Amino acid sequence: MGATSVAITMYCVLLVAYSLMAADRYLFPVLAPDIRRAFGFSLANTGLLSTIFTLGLAIGGLPTGYLLSRFSRKAVMMVGIAIFSGGIGLTTKAFGFWTMLVCLAASGIGMAMLATSMFALAASYFYRYRAAAIGSVNACYGIGGFYGPRLASLLLVTYGTWRAAMLGFSFFGFVMIGVIALSVRAWFSETHRAVQARANHGGAQTLLNRNTILLTTLSVVEGIAMYGYLGMYPTFLREALHFSPKMAGSVMSFFGVGALLSIFGGWIGDRFSPRFVLAGGFLGTAVLGYLFFHGSDSIVAAEIMTFAFGVCASTILYVNLAGYHVKAVQSSLASRGSGMFVTSLYASSAVAGYLMGALVDHAGGVAARGAWMVAGNIQIVGFSILGAALAFALQPKEMAL
């Protein structure tokens, strides 16, 4: 029991680092209108910058699975934090579109290293409740998603420059590296309890199997829908509905509140059919994707819808797509299953913001609400309905227990 308490304490330290990474993801979308005006970026290019970090996540996912088979999880995590914190800080030195794009994309590689390591550790140590354990990781994404937009808007208003938020979050990242180096021990971070507790039982012997292929496709669909919203909805609030930075930050923080229920979302995934869990989540995002641009303009309505979207897209879909990727293969392939999830979801996310911005520009421009309606119907509603249909093709009996 003493060792378990120490392990949970170390796990909490790593979860704090993960929440910081989640908060970093919200910085650019909240600050995007100010950065766009400062550099004169187009709406489509601003949308691309809002989600380009996910390209780094996609690039880093599968290689991180390989690195975890050669190096310690602790080392991979610390290097990942250094990369994404350094990338965020260097955006303040960018002098144009391409330099900022490189910095943001590089930060995503570091995020992939931390995310893949955390998913593998959670699934291994808490092997009896893998989806719920991954849910605990995503719950800390929710915490970061709550304080990230609020703190970013506060630093923007306080210091009058978007660079203050970037530098502040970069600094805290390097502080966390020191905390992890001093507090996390190898006997916990390098645990392989799942393999020690049981031999491979259920799940495919290779990533090339029906369920993994379908889950990869569903992850691509989820990335396009979720990050179309996350990357561009703050711009819709500020430039179409004329919300202040503080109001937009407050609205976006409720996505993080929805993600706080991720442990419960994982519990659902551990107990019910993947077909119905994923189909239900996608249908929920489809309905909300419609309401975001056709519903009420009040801040309360926006906060409620954003909270609900956090539940559907993050608590239900993100957590369980990650968990089912692990369950689709034998336990010895858990790290590579996690890497496949990270790569597939974030490969599509990288272009989600650009696609949303381009659709808005084509349909009438940033100030036209009708243009946002068209873009939302295509990217969020349409892709979510496609995901719901594909979910019924999964074969739960072929997954690991």
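A residue counts as buried when its relative accessible area is under 20%. The model used in these exercises is predicted.

**Exercise 1.** Determine whether Phe41 and Phe97 are buried or exposed, and describe how their rings pair.

Solution. Step one: Phe41 has 10% relative accessibility, so Phe41 counts as buried. Step two: Phe97, at 13%, counts as buried. Step three: the structure holds 25 aromatic pairs. Phe41 and Phe97 form an edge-to-face pair, with 5.8 Å centre to centre and 80° between the planes. Step four: Phe41 lies in the loop between helix 1 and helix 2, and Phe97 in helix 5, so the pair ties together parts 56 residues apart in sequence.

**Exercise 2.** Find which parts of the chain the pair of Phe236 and Phe293 links.

Solution. Step one: the two rings are edge-to-face, 4.9 Å centre to centre, with 80° between the planes. Step two: Phe236 lies in helix 10 and Phe293 in helix 13, 57 residues apart. Step three: Phe236 is buried at 0% relative accessible area, and Phe293 is buried at 1%. Step four: ring pairs link both into a cluster with other residues, including Tyr233 and Trp372.

**Exercise 3.** Work out how helix 13 and helix 16 are oriented to each other.

Solution. Step one: their axes come within 8 Å and cross at roughly 170°. Step two: angles over 145 degrees count as roughly antiparallel, and the two helices are therefore roughly antiparallel. Step three: among the residues that meet are Phe293 in helix 13 and Trp372 in helix 16. Step four: by class, this contact has 14 nonpolar, seven polar and two charged residues.

Note on methods. Residues numbered from 1 in each chain as written. Predicted model: local features only at pLDDT ≥ 70, side-chain atom pairs only at ≥ 80, totals over all residues. Heavy atoms only, no water. Axes fitted to C-alpha atoms, helices over the stretch in contact; angles between N-to-C directions. Helix = DSSP H or I, 4+ residues; strand = E, 2+ residues; numbered from the N terminus. Parallel < 35°, antiparallel > 145°, perpendicular 65-115°, else oblique. Contact = heavy atoms within 4.5 Å. Nonpolar A, V, L, I, M, F, W, Y, C, P; charged D, E, K, R; others polar. Phe/Tyr/Trp six-rings, centres within 6.5 Å; stacked < 30°, edge-to-face > 60°. Buried < 20%, exposed > 50% of the residue type's maximum accessible area, 1.4 Å probe, protein only.
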